[in-house]
Amino acid sequence: MKISMIMPVYNEAKILPTHLWLADTLDEITLVDGSPFGPSTDETAEVMSKFPNVKRIEGTYEQQGHKGAWYKRGQIRAGVEAASGDMIIITSADTVYSDYGMLAEALQSSPDGKVWSLCFVESAPIENAGI
C-alpha cells in the first residue's frame, strides 16, 4: 500500500529539514508551496531541492476564511490532486512527528482507512486526543 504525505508550506525553510528527514520512510512526499502572495520568499525552495524524493507544487492560493486557514484549502486540494498513494497523510509544517512510520502504521490499521486526529506520547498512539 502506497502512502502519500501532503504538507502545505509557506516560508518554512527552518523546520523543513526536520520534517523531510523524519518522513523519508513514506512512499511519496508532496509539499505545496504558496500563499495568496505567491510561493515562499525564504529558502524553502532551496531546502526542498536537497531532498530528491520530494515533489514540489508551487502556486498562489486565494485567501479563504480566517488567518490560519487563509490558503491551505487550495494547497491541500492541489496536493490531493497530485498524490498517487492509496492513502494520504495531510499534515502541517507546524506539526513534526517523531516517527512518520508509526503514523503510517496507525493509518493502515484503521478499519475505515481514516485517522482524524492522532498524537503520540512516548511512542504510544492516542487517537482523538480532544484537540
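These legends describe close-up views of a predicted model. Local features require pLDDT of at least 70 and side-chain atom pairs pLDDT 80 or more, while totals for chains, interfaces and linings use all residues. Residues are numbered from 1 along each chain as its sequence is written, and side-chain values use heavy atoms, with hydrogens and water left out.

**View 1. The open sheet has 4 strands in the order β3-β2-β1-β4.**
The pairing is parallel. Strands (E, at least two residues) and helices (H or I, at least four) are DSSP runs, numbered from the N terminus. Two strands pair if DSSP finds at least two bridges between them. β3 (54-60) and β4 (87-90) are the edge strands; each has a single partner, so one side of each lacks a neighbour in the sheet. From one strand to the next, the twist averages 20°. Its axes are lines fitted to C-alpha atoms, for helices over the stretch in contact, and angles run from 0 to 180 degrees between N-to-C directions. β2 and β3 are joined by 7 bridges. β1 (residues 3-9) and β4 pair over 4 bridges. In that pairing, Ile 3 stands opposite Met 87 of β4.

**View 2. β4 shows a covered and an uncovered face.**
Met 87 and Ile 89 lie on the covered face. Ile 88 and Ile 90 lie on the uncovered one. In a regular strand, side chains alternate between the two faces of the sheet.

**View 3. Thr 30 sits in strand β2.**
Its relative accessible area is 0%, so Thr 30 is buried. The classes are buried under 20%, exposed over 50% and partly exposed in between (1.4 Å probe, protein chains only). The bridge partner of Thr 30 in β3 is Lys 55. Contact means heavy atoms within 4.5 Å. Leaving out residues up to four places away in sequence, Thr 30 touches Met 5, Ile 6, Met 7, Lys 55 and Ile 57.

**View 4. The largest nonpolar core holds 18 residues.**
Such a core is a set of buried Ala, Val, Leu, Ile, Met, Phe, Trp, Tyr and Cys residues joined through side-chain atoms within 4.5 Å. Met 5, Met 7, Val 9, Leu 16, Leu 26, Ile 29 and Leu 31 touch the most other members. β1, α1 (16-22), β2, α2 and β4 each supply at least two residues of this core. The largest share, 4 residues, comes from β1. Beyond its neighbours within four places in sequence, Leu 16 contacts Met 7, Val 9, Leu 31, Thr 44, Val 47 and Met 48. Another core lies apart, with 6 residues that include Ile 6, Tyr 61, Ala 78 and Ala 83.

**View 5. Ser 40 lies in the loop between β2 (28-35) and α2 (44-49).**
At 15% relative accessibility, Ser 40 is buried. Not counting residues up to four places away in sequence, Ser 40 touches Val 9, Tyr 10, Asn 11 and Asp 33. A polar contact is a pair of N or O atoms within 3.5 Å; within protein, one must be able to donate a hydrogen and the other to accept it, and residues adjacent in sequence count only if both atoms are side-chain atoms. The side chains of Ser 40 and Asp 33 make such a contact at 2.5 Å. A polar atom of the Ser 40 side chain also lies 2.7 Å from the backbone nitrogen of Asn 11. Asn 11 is in the loop between β1 and α1. Its phi is positive, about 55°, although Asn 11 is not a glycine. Most residues other than glycine have a negative phi.

**View 6. Salt bridges link Asp 33, Arg 56 and Glu 58 in a network.**
A salt bridge is a side-chain nitrogen of Lys or Arg within 4 Å of a carboxyl oxygen of Asp or Glu. The structure holds 3 of them. In the Asp 33–Arg 56 pair, the closest N and O atoms are 2.8 Å apart. Asp 33 lies in β2 and Arg 56 in β3, so the pair ties together parts 23 residues apart in sequence. Asp 33 is buried, at 0% relative accessibility. Arg 56 is partly exposed, at 32%. Arg 56 also pairs with Glu 58, at 2.7 Å between the closest N and O atoms. Glu 58 is partly exposed, at 47%.

**View 7. Lys 55 and Glu 28 meet in a salt bridge.**
The N to O distance is 3.4 Å. Lys 55 lies in β3 and Glu 28 in β2, so the pair ties together parts 27 residues apart in sequence. Lys 55 is partly exposed, at 31%. Glu 28 is buried, at 9%.
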